Amino acid sequence: MLPKEVLDYVERHTRSPAVREQLLAVLSRIASGDCVTWADVRGTSLKQHFQTLRRMGLLVAVIRSGRRACLEFATHRS
């Protein structure tokens with residue numbers, strides 16, 4: 001499940017239904033534990049949203065399985 005703060009961000013900052021759907025799909029992958037990296041989102045139109053979520057402290061990169069830095073929600077890291 002996505003943290004409320006992340007859902008609030010998506011609702012307020014995405015105007016296009018297509019962008020909202022794409023962003024929610026990637027965020028859902030992160031919530032389910034899939035390893036999504038900065039490289040996975042860097043070349044996409046969603047890059048700005050992920051950078052903003054990181055600056056807001058809602059998204060962090062965590063080293064998992066060797067050297068891969070996977071994105072996780074900061075609220076899941078207590």
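**Helix packing in a predicted model**

Helix 2 passes helix 4 in a right-handed crossing, a term used when the near helix is turned clockwise from the far one by less than a right angle. Before I go on, this is a predicted model, in which local features need pLDDT of at least 70 and side-chain atom pairs count only at pLDDT 80 or more, while totals for chains, interfaces and linings use all residues. Residues are numbered from 1 along each chain as its sequence is written, and side-chain values use heavy atoms, with hydrogens and water left out.

The axes of helix 2 (residues 17–31) and helix 4 (residues 47–55) come within 11 Å and cross at roughly 50 degrees. That makes helix 2 oblique to helix 4, since angles under 35 degrees count as roughly parallel, over 145 as roughly antiparallel, 65 to 115 as roughly perpendicular and the rest as oblique. On the helix 2 side, Val-19, Leu-23, Val-26, Leu-27 and Ile-30 meet His-49, Phe-50 and Leu-53 of helix 4, where contact means heavy atoms within 4.5 Å. Of the residues in this contact, seven are nonpolar, one is polar and none is charged.

Let me turn to helix 1 (residues 4–13), where Val-6, Tyr-9 and Val-10 are buried, meaning under 20% relative accessible area, with exposed over 50% and partly exposed in between, for a 1.4 Å probe and protein chains only. Seen down the axis of helix 1, these buried residues fall within an arc of 95 degrees, so they line one face of the helix. Lys-4, Glu-11 and Arg-12, on the other side of helix 1, are exposed. The buried residues of helix 1 pack against helix 2, helix 4 and strand 2 (68–73).

How values were computed
Axes fitted to C-alpha atoms, helices over the stretch in contact; angles between N-to-C directions. Helix = DSSP H or I, 4+ residues; strand = E, 2+ residues; numbered from the N terminus. Nonpolar A, V, L, I, M, F, W, Y, C, P; charged D, E, K, R; others polar. Arc of directions from axis to C-beta.
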